[in-house]
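Hello! Please keep the structure open while you read.

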Amino acid sequence: MREFRLSDILSPRGIIYWRRKLWESQYYTPERLRELQWKLLTRILDHCWVHVPYYRKAFARLGLERSDFRSLDDLSRLPVIDKFTVLDQREELKADNIVRFRPREMFTSGTTGTPVGFYWDVDSTVLELISQWRHFSWSGYRLGDAFLDIRSMVLRSGRDHQWNRKCRGLELSSDLMDSTNVGRFAELLRRYRIRLWRGHPSAMSHFIRLLQAAGIASIKPKIIITVAETLLDGERHLIESWARIPVGDSYGQVEHVALICQCPKGGHHICSEYGIVEILNEDGSPARPGEEGRIVATSLHNRALPLLRYDTGDFAVASDQTCRCGRTLPLISSFTGRTDDRLMTTAGRWISGLRFSHCLTKGVRRAQIVQKDRDGVDVYVVPTPDWDAETEESVRRELRKRLGESMDIRVHRVAGIPFDGGRKFKFVVSLLDSKEPVDRRFSREALRKA
Ligand SMILES: [Zn+2]
């Protein structure tokens, strides 16, 4: 897969161990999972204590001794940090022996603001690789099966596709797909006998619409995994009704602190062996089942730039349910988007803008909602011939219902979506983040009360 270098994959020490472990631990009792997490967290805490200047100073400032951490619950003694902490104090967060962990620098592709640089080390990369392998296997993937990686991207070769022989992956750029070449792309999938599709849901939806228009139905995959973007309801419906299999959605971040994978029974499982996930209310207390909160996570593996209680900027609804698939990995109920997927109502409340995807389907090839100020939002629509004045009015009505009757809803018919979001498609773009104090006060002060 393109995120991994061959040198990472050729680190067999961790691979053999974790391949066996992760296939067993997905059925552990909750107590045994917590034991495993505590063992891994102990290693990270010891490391931070000795080798990470930021944490050495934070522990001293908070008057904490290493012996004060006696169980997973003691993690809550630490304040929550966020990407601004990393932006401001990255050098201090780097381990003083970072070279030992063969770090690789990666940058977030934030839609707003400055990209932030993180490090992946070999251990966290191995966990990422094996955890994804396990996720694919839930739907019947076997190592060696050919897969498609479809995204909005520029391929290194400069071509519109490339075949990676070593990991049997066909990489396609959806940016260059249209009705004139969709048949050639379909032929490539046939030639390489692709069983698994993996990629951005927006890119996959674009490909499927082109295949439907061309009447090509003979290349349906056996497994579908969506990554990187929030999967919208309309996209899930399109993909599942065309392929006639459930989509396995997944959630992760460049920071490698949390991984959540959807099983074929629909459960969004937290990969507890990968990171500790907390869903927190605005005051920093744990969200109860059914409540929405921020995803705050702690990497259990990355020692190059360790992140303890890191606010991912994403939101989810907590759950205490168990899954019909029999796996005991804990669940979340649903994702409710990222900070920049949020819109602010006229009353000053943040709500998830993703909920509006259902009212922007009829007559819409593509749409995007952008909020630049508190009083209005811009809705950009690439229309199909079905778009009419009545549809436009119903969009205004639906948005005002949730955002406030005085909200100025400006609908623009456009040939292309204006805000490309750094190659990932963004249905909602909030540009309020840097101007608006509410959200920042929450993440930087309320959560740092410790
Ligand atoms: Zn499940």
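1. Strands β9 (residues 260-262) and β10 (residues 268-270) pair in the antiparallel sense, over three bridges; pairing here requires at least two DSSP bridges between two strands. Gln-262 has His-268 of β10 as its bridge partner.

2. Two remarks on the source. This is a predicted model, where local features need pLDDT of at least 70 and side-chain atom pairs count only at pLDDT 80 or more, while totals for chains, interfaces and linings use all residues. Residue numbers start from 1 along each chain as its sequence is written.

3. Now the sheet around that pair. β9 and β10 belong to an open sheet of 12 strands with mixed pairing, ordered β4-β5-β3-β6-β7-β8-β9-β10-β14-β13-β12-β11. At the edges stand β4 (161-164) and β11 (275-280), each with a single partner strand, so one side of each has no neighbour in the sheet. From one strand to the next, the twist averages 30 degrees.

4. Helix α8 packs on this sheet, touching β3 (147-151), β6 (196-199) and β7 (223-226), and the direction of α8 makes about 105 degrees with that of β3. Contact means that the C-beta atoms of two residues, placed from the backbone, lie within 7 Å. Angles run from 0 to 180 degrees between N-to-C directions, and axes are lines fitted to C-alpha atoms, for helices over the stretch in contact.

5. What does α8 (residues 201-214) do with helix α7 (residues 182-191)? The two pack at an angle of about 105 degrees, with their axes 10 Å apart. α7 and α8 are therefore roughly perpendicular (65 to 115 degrees; under 35 is roughly parallel, over 145 roughly antiparallel, and the rest oblique). Val-182, Gly-183 and Ala-186 of α7 meet Leu-210, Leu-211 and Ala-214 of α8. By class, the contact has five nonpolar residues, one polar and no charged ones. Nonpolar covers Ala, Val, Leu, Ile, Met, Phe, Trp, Tyr, Cys and Pro; charged covers Asp, Glu, Lys and Arg; the others, Gly among them, are polar.

6. A further open sheet has four strands, ordered β19-β18-β17-β20, with mixed pairing. Its edge strands, β19 and β20 (428-430), each pair on one side only. The twist averages 20 degrees from one strand to the next.

7. Tyr-380 is a handy landmark here. Strand β17 (residues 364-373) runs antiparallel to β18, joined by seven bridges, and Gln-368 has Tyr-380 of β18 as its bridge partner. Strand β18 (residues 376-383) also pairs with β19, in the parallel sense over six bridges, where Tyr-380 is partnered by His-412 of β19. The chain gets from β18 to β19 through helix α10 (residues 389-403), in a right-handed β-α-β crossover; right-handed means that, with the strands pointing away from the viewer, the path from the first strand over the helix to the second runs clockwise.

8. How many of the six residues of β19 (residues 408-413) are buried? The count is zero, where buried means 20 or more other C-beta atoms within 10 Å of a residue's own, exposed 12 or fewer, and partly exposed in between, with C-beta atoms placed from the backbone. Across the protein, 42% of the 450 residues count as buried.
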